[in-house]
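Hi everyone, thanks for making time.

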Amino acid sequence: MADNVAITPGTGATVAADEVAGALHQRVKISVGADGTAADWEGLVSNYIARPSGNFTRPSDTTAYASGDLVANSVTAGSVDAVSIAVARASGGTGSIRRALLRKSGTGITNSIFRIHLYEADPSTVTNGDNGAWSTSGVADYLGAIDVVIDRAFTDGAAGEGVPLAGGEINFDLTGTANVYALLEARGAYTPASAEVFTIELEVLQN
């Protein structure tokens, strides 16, 4: 810009500036974040809509689920990973989850009913593995749940959408992270595809 001030720290650099009433004021770019981290402020307009996602691949079997069973990446409880989804603009951010889109790589939609459980911290204990009953620790970090009926089949997968079970949104106020964590529960007698990939996408109103 014409108002920029040129300085010469060895090889040379240009500092962004704006002239106001005959004086040059330096332009700055604001970033926010916890100690040692920084994210561009982007003007930090309120009610910024984002659609972050995460996914996992279930085991290589076609064992049918019963309602209440965990759908996860491993049959071994100690190897189950909750899906990490970056919902906040920066670590320690706040916002609201308004709805969820659930996609899967298999095309079958019979009894394809699921519940997405959301936590503010990674559940420290998942009692069972894939096809066992959904059971975890983490009640203090539990945010709520979203039920999804996958009722739309495509040639390369299937998808469905859902909204929070209680209220119109799920609010979060994170500490030391920008992520929430999700576990998936079958709510019908669903027969999966082998090594089926599930993707959870959240519609988030970020503060």
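Okay, some ground rules. What you see is a predicted model, where local features need pLDDT of at least 70 and side-chain atom pairs count only at pLDDT 80 or more, while totals for chains, interfaces and linings use all residues. Residues are numbered from 1 along each chain as its sequence is written, and side-chain values use heavy atoms, with hydrogens and water left out.

So, the overall picture. How many helices and strands are there in the protein chain? Zero helices and 18 strands. Helices (H or I, at least four residues) and strands (E, at least two) are DSSP runs here, numbered from the N terminus. The chain has 207 residues, and 39% of them count as buried. Buried is under 20% relative accessible area, exposed is over 50%, and partly exposed is in between, using a 1.4 Å probe and protein chains only. Now for contacts, meaning heavy atoms within 4.5 Å. Take those with a separation of 6 or more in the protein chain: 76% of them come from residues 24 or more positions apart.

On to the cores. A nonpolar core is a set of buried Ala, Val, Leu, Ile, Met, Phe, Trp, Tyr and Cys residues joined through side-chain atoms within 4.5 Å. As background, nonpolar side chains tend to be buried together in soluble globular proteins. Which residues touch the most other members of the largest core? They are Phe114, Leu118 and Leu202, out of 31 residues in that core. Strands E10 (83–86), E11 (94–104), E12 (113–119), E13 (142–149), E16 (170–173), E17 and E18 each give two or more residues to this core. Another core, of eight residues, lies apart from it, and Leu70, Ala82, Tyr181 and Leu183 are among its members.

Points are joined across faces, edges and corners, and the volume is the space filled by probe spheres set on them. Searching the whole structure turns up one cavity of 30 Å³ or more, and the largest cavity has a volume of about 40 Å³. Its lining includes Phe56, Val71, Asn73, Asp81 and Leu183. Strand E17 (residues 179–186) gives the most to that lining, with three residues. By type, the lining has eight nonpolar residues, one polar and one charged.

Glu203 sits in strand E18 (residues 197–206). Is Glu203 buried or exposed? Buried, because its relative accessible area is 12%. Its side chain makes polar contacts with the side chains of Arg51, at 3.2 Å, and Arg99, at 2.8 Å. A polar contact is a pair of N or O atoms within 3.5 Å; within protein, one must be able to donate a hydrogen and the other to accept it, and residues adjacent in sequence count only if both atoms are side-chain atoms.

Arg51 is in the loop between strand E7 (48–50) and strand E8 (53–57), and it is partly exposed, at 37% relative accessible area. The Arg51 side chain also has a polar contact with the side chain of Glu201, at 2.6 Å. Arg51 and Arg99 are 48 residues apart along the chain, with their C-alpha atoms separated by 9.8 Å.

Last stop, the loops. Asn111, in the loop between E11 and E12, has a phi near 55°, a positive value in a residue other than glycine. Asn131, in the loop between E12 and E13, has a positive phi of about 75° although it is not a glycine. Asn111 is partly exposed at 37%, and Asn131 is partly exposed at 22%.

Definitions and conventions: On a 1 Å grid over the protein atoms alone, a cavity is a set of points where a 1.4 Å probe fits but cannot get out, and a pocket is an open set with protein on both sides within 12 Å along at least five of seven lines; lining residues have an atom within 4 Å of a point. Ala, Val, Leu, Ile, Met, Phe, Trp, Tyr, Cys and Pro count as nonpolar, Asp, Glu, Lys and Arg as charged, and the others, Gly among them, as polar.
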